[in-house]
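This report looks at side-chain packing and aromatic pairs in a predicted model. Please have the sequence and the coordinates at hand while reading.

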Amino acid sequence: MRTPRAVLPVAMLASAVLGVAQERTNRDQSHYTKLHDPVFPIKSGLVFVPAARATLRDDDLVLGVVVGSEARAYPMNLMWEPPNETLNDTVGGAAIAVTWCPIAHSGVVYDRELDGRTVDLGAVGLDEGVFVLYDRQTGSRWSQISGRATGGRLAGRVLRKRDSTMTTWGRWRA
């Protein structure tokens, strides 16, 4: 019975040391604000490879979306850093925006069609811990989690969410 007692303090000490090392990245950022001016560039014209040629591991996370008969998976490990956190794409004939907030670990897919016009979305930063997008056409600001325009000419408007799933590459291919 002595061994478990001796192991427990060592494990607790290791946990405390690791906790201090991760404190900077794991802190509560719910009220953090950092909006960039100028805004980050908008990503479009993406190049995709067929699933059979993808070099992803089975346990890599992807955000998957199906529109009509077309399915596409967006690797989360490629969507880090603000310029890559919002991707404009066309899937199954529909203009969509694939968004990823690494702070909240939230992935959301939106239709980019609004009143018969296509908006191009990009990242601005965080406002009170909420990932903020902008559209190139009007400069309006959008909440990544709700899809609601929070400022600009389109304030109060809401983008339509698309069904999507966050899963592993192995499960997505299955």
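## Phe48 and its partners

With a relative accessibility of 33%, Phe48 counts as partly exposed, whereas Tyr74, at 2% relative accessibility, counts as buried. The two residues form an edge-to-face aromatic pair, with 5.6 Å centre to centre and 85° between the planes. Because Phe48 lies in the loop between strand S1 (34–35) and strand S2 (61–67) while Tyr74 belongs to strand S3 (residues 70–75), the pair ties together parts that are 26 residues apart in sequence.

## The tryptophan pair

The count of aromatic pairs comes to 2. In the pair of Trp80 and Trp100, the ring centres are 6.1 Å apart and the planes stand at 75°, so this pair is edge-to-face. Trp80 lies in the loop between S3 and strand S4 (86–91) and Trp100 in strand S5, 20 residues apart, and the pair thus links distant parts of the chain. Trp80 is partly exposed at 38% relative accessibility, but Trp100 is buried, with a relative accessible area of 2%.

## Nonpolar cores

The largest nonpolar core has 16 residues, and those with the most contacts inside it include Leu121, Phe131, Leu133 and Trp142. Strands S5 (94–101), S6 (106–111), S9 (121–127) and S10 (130–135) each give two or more residues to this core, with S9 giving the most, at 3 residues.

Beyond its neighbours within four places in sequence, Leu133 is in contact with residues including Thr86, Thr99, Leu121, Val124 and Trp142.

Note on methods. Residues are numbered from 1 along each chain as its sequence is written. This is a predicted model: local features need pLDDT of at least 70, side-chain atom pairs count only at pLDDT 80 or more; totals for chains, interfaces and linings use all residues. Side-chain values use heavy atoms; hydrogens and water are left out. A nonpolar core is a set of buried Ala, Val, Leu, Ile, Met, Phe, Trp, Tyr and Cys residues joined through side-chain atoms within 4.5 Å. Buried means under 20% relative accessible area, exposed over 50%, partly exposed in between (1.4 Å probe, protein chains only). Helices (H or I, at least four residues) and strands (E, at least two) are DSSP runs, numbered from the N terminus. Contact means heavy atoms within 4.5 Å. Rings of Phe, Tyr and Trp (its six-membered ring) pair if their centres lie within 6.5 Å; planes under 30 degrees apart count as stacked, over 60 as edge-to-face and the rest as tilted.
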